[in-house]
Amino acid sequence: MGPQPYVERYVVQGGVFDAIGEASTQLKSVLKMLGIPSDITRRATVVAYEAEMNLVIHAGGGEITASVFPDRLELFVRDEGPGIPDIPLAMKEGYSTATDEIREMGFGAGMGLPNMKRNSDSLDVRSEVGKGTSLFAVIRFPSDPVQQPVKEG
Amino acid sequence: MSGGVIVQEARCRGCAKCIKSCPTEALRVSEGLVRIIPELCIDCGECVRVCREKAIQLYEDDWQLLRAQKNLVLMADPTFYVQVGAYARPALMKEALQSSGIEDLTEYEAAAYDITAYAIAKLLETESRERLPFISTYCPAVLRLIQINFPELVGRIVPVESPLEIGVLLWKQKTGRDDPVTMAVPCPAKTTLVHAPEGREKSTMSYSISVRRLIRDILAGSPKVTGSLPAQPNRRWLHWSVSGGECRHIQAFSERPLTTISVSGLRNTKDLLTELELGRLSGVDYIECRACDLGCIGGVGTSESRFLSQLRLDSIQFEWTPTDEERLAAASRFESDVWRLEKPFTAKQRIPLAENLKEAMDKLRTMNAIFSELPHIDCGSCGRPSCRALSEDIVRGHGEMTDCIFKLRERIYGLSAEIHSLSGKIPHTFRSQVIHDHEDQRFV
């Protein structure tokens, strides 16, 4: 058995646009306190943020679980929304099923999944129409994950 | 903290009003005194605004000593020139300063702001689009916020020196003089420009005082201002004291139309930087953030209402478009590299909970356990801005659970219940006596 991960769980409510960013901001502060390098932290924050958007816009809410292992961060995102009928199509940049109303709010540009893929080392999306979607992203740390903090001069 | 904000301990009564005003949660109150956590403070001055006791102040050098110097050379922030209604023109203010024996550097300032705008415009033209947007270096509080909270954005800070430094450099080059220069600052952040600069080893300026003090001193001397000095034709630089002025100035020197965002106030600044960090601002060329509302005219060291300052600024006539002569002057100085930052900005992240990841994870778990015990009302009575901050302080070894008055009350309640139950117990040596002595109710 490997070492126990540090786990954070965030419940994201559907349709609450003002709350987008709360989970990713919290994750950012957690990773900072753990001393995870800032570029890894930024990538993880982007993936979590896109997940939050998907949960709020499309899925009617869901859950994000972040598990920090010594060598990697795993993000597991689960919802019981409408599901994605054609995953390869959804992975294409610019493809979106967001309504006009949502697009008017500046969301739904069809960059969500591609952006998540770009910022993670591996991304696995599984979906069943009518049942929901689950998404598993891994971000690996460089061999020595704790960076030397810059001391005040 | 780089010394822009100082605490006058004798005045502090530990009221803890300031701790919630701090945008980076850098303040703590312990033993009746406020304390600044230096590695979190960005010198924005929000605490200076809320402190009713004037225990937290903007750092200033000794004005009486400076005033006693034979000639005082002044580099005044643009906000200085829109503070007084009667002299809301650089030329009138210059005359007022002269009648108080102070020499200002407005000619060099006008040129310096042109060079800065020109240099940024040139960099934006040549930089590849993926590396944009660049972030302005003008507000030192924003820069510190980026260094501490947005380390991934440090590389986007435009490598151009503050025009206030460039102005002094130009003056020194042109006149060959080396008198110490005093800067009139609108805020604690710009104080750090003089005393603890980030983009260079040493500032070209030696002392700093607040715009407010300087204005009061000048007005107290009832200056003679006749309007005899010629008006300065180039007044674009004054607009850097309001949000958006910098972007307009850069656009005036740019060959292509720029997409820029200007925000003011720390809430807007934090939100915008968060969006930038998330990669949501593609297509934007330049970002201008100011920590204070409406820009530098909202600084805590100014003397006039920011709204009136804005009105005055709007009433000053000027041209955004530079004359051919001004454009040429900026272009020729661009070649000299006088505008370039000496050294790049670096990230200054806070130290993690522990040196290695496993230990940090353990501490974070403890921190979460502590946090779940706390009342989550962020009352501030423990001297921390929030229950979360208290739990972090505890795992970092800077506090204990009973710093929370609710937890303290719980413990006292528990203890008193224990005392009560103990008071009912009798030493076993007396036990037989108790059984026989039914009269004495104490032992029942």
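At what angle do helix H1 (residues 22–34) of chain A and helix H13 (residues 357–373) of chain B pack, and how many Å apart are their axes? The two helices pack at an angle of about 130 degrees, with their axes 9 Å apart. This is a predicted model, in which local features need pLDDT of at least 70 and side-chain atom pairs count only at pLDDT 80 or more, while totals for chains, interfaces and linings use all residues. Residues are numbered from 1 along each chain as its sequence is written, chains are lettered from A and ligands numbered from 1 in the order in which they are written, and side-chain values use heavy atoms, with hydrogens and water left out.

- With axes taken as lines fitted to C-alpha atoms, for helices over the stretch in contact, and angles running from 0 to 180 degrees between N-to-C directions, H1(A) is oblique to H13(B); angles under 35 degrees count as roughly parallel, over 145 as roughly antiparallel, 65 to 115 as roughly perpendicular and the rest as oblique.
- On the H1(A) side, Val30(A), Met33(A) and Leu34(A) meet Leu357(B), Ala360(B), Met361(B), Leu364(B) and Met367(B) of H13(B), where contact means heavy atoms within 4.5 Å.
- By class, this contact of H1(A) with H13(B) has 8 nonpolar, no polar and no charged residues; Ala, Val, Leu, Ile, Met, Phe, Trp, Tyr, Cys and Pro count as nonpolar, Asp, Glu, Lys and Arg as charged, and the others, Gly among them, as polar.

**Antiparallel strands of chain A**

- Helices (H or I, at least four residues) and strands (E, at least two) are DSSP runs numbered from the N terminus, and two strands pair if DSSP finds at least two bridges between them.
- Strand E1 (residues 6–13) of chain A runs antiparallel to E2(A) and is joined to it by 8 bridges, with Glu8(A) standing opposite Ala66(A) in E2(A).
- Strand E2 (residues 61–68) of chain A is in turn joined by 7 bridges to the antiparallel strand E3 (residues 72–79) of chain A, and the two form a hairpin with 3 residues between them.
- Because 7 of its 8 residues are buried, E2(A) is largely enclosed by the rest of the structure; buried means under 20% relative accessible area, exposed over 50%, and partly exposed in between, with a 1.4 Å probe and protein chains only.

**Parallel sheet of chain B**

- An open sheet of 3 strands has the order E7-E11-E10 in chain B, with parallel pairing.
- Strand E7 (134–135) and strand E10 (260–264) of chain B stand at the edges, each with a single partner strand, so one side of each lacks a neighbour in the sheet.
- E7(B) pairs with strand E11 (residues 286–290) of chain B over 2 bridges, and Ile135(B) stands opposite Ile287(B).
- Helix H10 (residues 266–277) of chain B lies across E7, E10 and E11 of chain B, running at about 150 degrees to E11(B).

**Surroundings of Arg177(B)**

- Arg177(B) lies in the loop between helix H6 (163–175) and strand E8 (181–185) of chain B, and counts as partly exposed at 26% relative accessibility.
- The side chain of Arg177(B) makes polar contacts with the side chains of Glu103(B) at 2.9 Å and Asp179(B) at 3.2 Å; a polar contact is a pair of N or O atoms within 3.5 Å, where within protein one must be able to donate a hydrogen and the other to accept it, and residues adjacent in sequence count only if both atoms are side-chain atoms.
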